[in-house]
Amino acid sequence: MTDRLTFLFEGRAIEGRPGQSLAGALHAAGIRTLSWSGKYRRPRGLRCGTGVCPGCVLAVDGLGGVQACMTPARGGEDVRRIRPWLAWLPVDPLGRFAPAGFHGSRWLHSPRVWNLIERVLARLAGQAPIPRPENVPVQAGAAGFELRAVDLLIIGAGETGLTAAIGGARAGRSILLVDRDDTPGGRLLGELGGRDAADRLAAAARTAGVEILLSATALGSFDDGVQGIVHAGRLLAVAAGETRNATGSLDREVALPDGDRPGVMLASAVRRLVVREGVRPGFRAVIVETGPLDEDLVTLLAGAGTEVVARCAPSDVRAIHGRGAVRGITIGSLRIPCDLVVIAAGRRPADELARQTDVPEEPRVAAWT
Ligand code: FES
């Protein structure tokens, strides 16, 4: 098996390695801008590395809306950025014509008009066009739907999910363990030596009879406790005797001036690049941190050949320089050249799914019913 693969990025051949994500391979090739923000068209790039931000959305083989950090490079694919219509238009000053609430307040009473406007706005905003049928992996319909029943559904194949699944399977229960990543292990995969521990746990789970479904996204809870899972273009409706969320935690975000520039990354993205993808995240890094200092991250960066040139609190940051990529940061009155700003602000529970069940139903809007 070859240890290199090649895919096309806007006509340019990019080399990657098996197991690397598209985002990792592009980062290694020096490509920082992957998308533009919807309203102001600010350049965006790899930021979270965990599939929860809009920064790395690309089109792959004509199919838009693909998160590059969650998509393994396989070789031979045609990868492109999704450019907005009229890219030259200075949209910042025009933003006042589409303020927050614009769509709800003016067009709600005419769904047909809104539907038309929405399509135009989506293209102006650089969102993916609706794909052609031949580019959709599996068409909706009977072939794309499956009903499953299990004793226990566990969402999240990190250490906690794997351990719970092993215990459940050994107790004789049928277990379905799903994770949106293509590799089980969760946060272990971002720790030195964690991959071995993750592989051992996954092997033990499979031996115990756990079915592990990867690259599978849990959509949420529906009537009678049925869980919707999307996997390989199919919708699974899973009727589980019990469902457990083992979705772990995510990096906390911090607001910084121009903190959305490509090259400003959350700690998890940096860990992913270094440990999992074997990619140097930058040459000169500044760590913006809160709470307990993450010395492990500093060691990790040093091992990858990235020099940590400064560490500071978010309130010390006056400006982040560069547009399509970070060129420097101003801390207090001192401007420091760097190509990477790492936000290490601790973690928060990834409880979006869990909170769904407590959220009251949205009142229906008469015009839409
Ligand atoms: S979703 Fe890929 S970087 Fe955030």
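**Two helix pairs up close**

Author: Let's begin with handedness: H5 passes H6 in a left-handed crossing, a name used if the near helix is turned anticlockwise from the far one by less than a right angle, and right-handed if clockwise. Before going on, please note that this is a predicted model, where local features need pLDDT of at least 70, side-chain atom pairs count only at pLDDT 80 or more, and totals for chains, interfaces and linings use all residues. Residues are numbered from 1 along each chain as its sequence is written, and side-chain values use heavy atoms, leaving out hydrogens and water.

Helix H5 covers residues 159-170 and helix H6 residues 194-208; helices are DSSP runs (H or I, at least four residues), and strands are too (E, at least two), numbered from the N terminus. Their axes come within 9 Å and cross at roughly 25 degrees. Axes here are lines fitted to C-alpha atoms, for helices over the stretch in contact, with angles from 0 to 180 degrees between N-to-C directions. H5 and H6 are therefore roughly parallel to each other (under 35 degrees; over 145 is roughly antiparallel, 65 to 115 roughly perpendicular, the rest oblique). On the H5 side, the contact (heavy atoms within 4.5 Å) includes Leu162 and Ile166, and on the H6 side Leu201 and Ala205.

Now compare helix H7 (residues 267-276) and helix H8 (residues 295-303), whose axes come within 10 Å and cross at roughly 40 degrees. That makes H7 oblique to H8. H7 also passes H8 in a left-handed crossing. Among the residues making this contact are Val270 and Val274 of H7, with Leu297 and Leu301 of H8.
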